[in-house]
Amino acid sequence: MKGGMPEIIEEILRSPSLYRGEFRAIEDPADRPVKRFGGQRIKELLQPSLYWFLRNTPSAIALLPFRLIVAVMRRLYWYKGNPLRRSCED
């Protein structure tokens, strides 16, 4: 990138299977639509903050989602008609 302007990427593909024997591919990054909240930007913003949050949060709080899942599974196991329980007992 020179002076804030994206570079045009150009490549020539040669193959005997192509109609003319070669194909010239040009990619201009300026032609791409700019997404304000695309997936990459969201990841760039959320991953460092999530990493910081998990490092600085007490382990009891960080493990709450997993403990909730285990508690729900235990409650479901008490129900005799639960398919999970029947599959374990058979």
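**Chatting through a predicted model**

Reader: Hi! Where is Thr57 in this protein?

Author: Thr57 lies in the loop between α1 (39-56) and α2 (59-62). Helices here are DSSP runs of H or I with at least four residues, strands are runs of E with at least two, and both are numbered from the N terminus. This is a predicted model, where local features need pLDDT of at least 70, side-chain atom pairs count only at pLDDT 80 or more, and totals for chains, interfaces and linings use all residues. Residues are numbered from 1 along each chain as its sequence is written, and side-chain values use heavy atoms, leaving out hydrogens and water.

Reader: Thanks! Is Thr57 buried or exposed?

Author: Thr57 is buried, at a relative accessible area of 14%. Buried means under 20%, exposed means over 50%, and partly exposed is in between, using a 1.4 Å probe and protein chains only.

Reader: And what does the side chain of Thr57 reach?

Author: The backbone oxygen of Phe53, at 2.3 Å.

Reader: Zooming out, how many helices and strands are there in the protein?

Author: Four helices and two strands. Along the sequence, the pattern runs β-β-α-α-α-α.

Reader: What share of the residues is buried?

Author: Of the 90 residues in the protein, 4% are buried.

Reader: New topic! Where is Arg85, and what does it touch?

Author: Arg85 sits in helix α4 (residues 83-89). Leaving aside residues up to four places away in sequence, Arg85 touches Tyr77, Trp78, Tyr79 and Lys80; contact means heavy atoms within 4.5 Å. Arg85 is buried too, with a relative accessible area of 16%.

Reader: Which helix gives the largest share of the patch?

Author: Helix α3 (residues 64-78), with five residues. Val72 is found in α3, and Val72 is partly exposed at 41% relative accessible area.

Technical notes. Polar contact = N/O pair within 3.5 Å; in protein donor to acceptor, adjacent residues only side chain to side chain.
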